[in-house]
Amino acid sequence: MPLSEHEQRLFDQIERSLAEDPKFASAVRASDPRFHARRRLLIAAFVIVLGLALVVYGTVDQNTPLGVAGFVVMLGAAAFAMQSRRRSQAPDLKSVGGTATRRTRSGRKNGGLLERLEDRWRQRPEGHR
């Protein structure tokens, strides 16, 4: 349902006043999960580059434990980046009827691929048969 002209003007005025408040903008940005996910991805990328530098330095210096440690650091940072990316793409909170519930892995079915495909087949819209 579109807003009336009066409501649209009020909405624009509120939007302008909120955009001019730097304290509010930083508070909203700090609570934005995408901001945190982006920051975690940048940190992970930096640590991956650091691990790569350790691998190269360990290879050049012929220090095998240092090279292995660099590889482990790279592997851990890549796992952290993938986890952060997955978290940023999946919504954590669902609001239904005024209540918010956190989605957990235990809520998922532990069935195999075939069971999930069968469930999707049963739940598809009737017009797609």
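D119 and R122 sit 3 residues apart in helix α5, about one turn of the helix. Their side chains meet in a salt bridge, at 2.7 Å from N to O. (A salt bridge here is a side-chain nitrogen of Lys or Arg within 4 Å of a carboxyl oxygen of Asp or Glu.) Shared partners join E118, D119 and R122 into one salt-bridge network. The model is predicted: local features need pLDDT of at least 70, side-chain atom pairs count only at pLDDT 80 or more, and totals for chains, interfaces and linings use all residues. Numbering runs from 1 along each chain as its sequence is written, and side-chain values use heavy atoms, leaving out hydrogens and water.

- The whole structure holds 2 salt bridges.
- E118 pairs with R122, and the closest N and O atoms are 3.5 Å apart.
- Helix α5 covers residues 113-123, and E118 and R122 are 4 residues apart in this helix, about one helical turn.
- D119 is buried, at 16% relative accessible area.
- E118 is partly exposed at 44%.
- R122 counts as exposed at 56% relative accessibility.
- The classes are set as follows: buried is under 20% relative accessible area, exposed is over 50%, and partly exposed lies in between, with a 1.4 Å probe and protein chains only.

- V68, F71, V72 and L75 make a nonpolar surface patch of about 390 Å².
- Patch residues have over 30% relative accessible area and no salt bridge; like charges are joined within 9 Å, and nonpolar side chains (Val, Leu, Ile, Met, Phe, Trp, Tyr) within 5 Å.
- F71 belongs to helix α4, residues 64-89.
- F71 counts as partly exposed, at 48% relative accessibility.
- α4 has 26 residues and reaches 38 Å from its first C-alpha to its last, close to the 38 Å expected at 1.5 Å a residue.
- That expected span is 1.5 Å times one less than the number of residues.
- The buried residues of α4 are G67, G70, A77, A81 and S84.

**Whole protein**

- The protein has 5 helices and 2 strands, in the order α-α-α-α-β-β-α along the sequence.
- Helices (H or I, at least four residues) and strands (E, at least two) are DSSP runs, numbered from the N terminus.
- Of the 129 residues, 9% count as buried.
- The accessible surface comes to about 11300 Å², and 62% of it belongs to carbon and sulfur atoms.
- Accessible areas come from the Shrake-Rupley method with a 1.4 Å probe; for residues, only the protein chains shown count as cover.
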